[in-house]
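Here are my notes on this model, in the order I'd go through it at the screen. Have the viewer open while you read.

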Amino acid sequence: MIDFKQLRQQYSDAGISKDSVSKNPFDQFRLWFDQALDCGIAEPNGFSLCTVSNDAKPSQRTVLMKSYDKHGFIFYTNYNSRKGRQLAENNAVSMLFPWYELHRQINIEGTAVRVGAKQSAAYFHSRPRGSQVGAWASRQSAVIASRQALVRQKQEIEHRFGDGELPWPDFWGGYRVEPSRFEFWQGRTHRLHDRIIYNRLDDDWEIQRLSP
């Protein structure tokens, strides 16, 4: 039987404060993201995306952030997937970047809006051909009989398009999460962690500290 007390770790005493963080949360995100990259964390752009259906049923999964700027964070998916269907019903989301090696996490809340078709198509064509085929072949989140059935769908797509360029599938594309709230969490000794939040106020951000 696992003794979970033995899994406890003592975090460092390097912390953050309202005065030490950037005034803009996107700048603070960039700083922490670059540090996660420098530390060699596997897929630091991976985050847990939480969506909620219109009947209040939550769902979460790991998604890869593909770009970000001062307007938000972009990921791509099949619009007919479970997340796509839930986003069509309720576009309020939360994102969690869990960087365990740094004893850090960033939680972002906001709304997800589709990016334009031109941007989705451009990203689709930048992907490896195998990933393009996979996007066409997979009816994401639909029940499937077997792995072999999925492989057959892949083969059918390869036969259909041959060696030619695959067109962008209009059932697949990007979302931009436009944030209204950030929380930067830094583990500290004795579980007295630092939690700094940014709440959007019109065109500015209010910075506050939360109790751990």
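Predicted model: local features only at pLDDT ≥ 70, side-chain atom pairs only at ≥ 80, totals over all residues.

1. Start at the hairpin of S8 and S9: 2 residues lie between the strands, and Asp202 takes a positive phi near 55 degrees there. Asp202 is found in the loop between S8 and S9, and at 72% relative accessibility it counts as exposed (exposed is over 50% relative accessible area, buried under 20%, partly exposed in between, with a 1.4 Å probe and protein chains only). Strand S8 (residues 194-201) and S9 run antiparallel and are joined by 7 bridges; two strands pair if DSSP finds at least two bridges between them. Leu201 has Asp204 in S9 as its bridge partner.

2. Residues are numbered from 1 along each chain as its sequence is written, and side-chain values use heavy atoms, with hydrogens and water left out.

3. The overall picture: the protein chain has 5 helices and 9 strands (DSSP runs numbered from the N terminus, H or I of at least four residues for helices, E of at least two for strands). Along the sequence the pattern reads α-β-β-β-β-α-β-β-α-α-α-β-β-β. The C-alpha trace spans about 60 × 50 × 40 Å along its principal axes, and buried residues make up 41% of the 212 residues.

4. In H1, the buried residues are Pro25, Phe26, Gln28, Phe29, Trp32, Phe33 and Ala36. They cover an arc of only 155 degrees around the axis, so they sit on the same side of H1 (the arc is taken from the directions from the helix axis to the C-beta atoms).

5. Now the ends of H1. Asn24 caps the N-terminal end, with a side-chain oxygen 2.8 Å from the backbone nitrogen of Phe26. Just after H1, Gly40 takes a positive phi of about 75 degrees.

6. On to the rings. Rings of Phe, Tyr and Trp (its six-membered ring) pair if their centres lie within 6.5 Å, with planes under 30 degrees apart counted as stacked, over 60 as edge-to-face and the rest as tilted. By this rule there are 28 aromatic pairs. One of them is Phe26 with Trp205, edge-to-face at 6.5 Å centre to centre and 80 degrees between the planes. That pair links distant parts of the chain, since Phe26 is in helix H1 and Trp205 in strand S9 (residues 204-210), 179 residues apart. Phe26 is buried at 7% relative accessible area, and Trp205 counts as buried at 10%.7. Tyr76 and Tyr123 form a stacked pair, 4.1 Å centre to centre with 15 degrees between the planes. Tyr76 lies in strand S4 (residues 72-78) and Tyr123 in helix H3 (residues 117-126), so the pair ties together parts that are 47 residues apart in sequence. Tyr76 counts as buried at 14% relative accessibility.

7. Two arginines are worth a look as well. The charged end of Arg104 sits over the ring of Trp32, 4.2 Å from its centre, and Arg114 lies over the face of Tyr79, at 3.5 Å from the ring centre. The criterion is NZ of Lys or CZ of Arg within 6 Å of the ring centre and within 35 degrees of the ring normal.

8. Which side chain does Thr77 contact? Its partner is the side chain of Gln140, in a polar contact at 3.2 Å (a pair of N or O atoms within 3.5 Å; within protein, one must be able to donate a hydrogen and the other to accept it, and residues adjacent in sequence count only if both atoms are side-chain atoms). Thr77 is in strand S4 and counts as buried at 2% relative accessibility.

9. Last, the loop between strand S7 (172-186) and S8, where you'll find His190. His190 has a positive phi of about 60 degrees although it is not a glycine, and it is exposed, with a relative accessible area of 62%. Arg191, in the loop between S7 and S8, also has a positive phi, near 60 degrees. At 30% relative accessibility, Arg191 counts as partly exposed.
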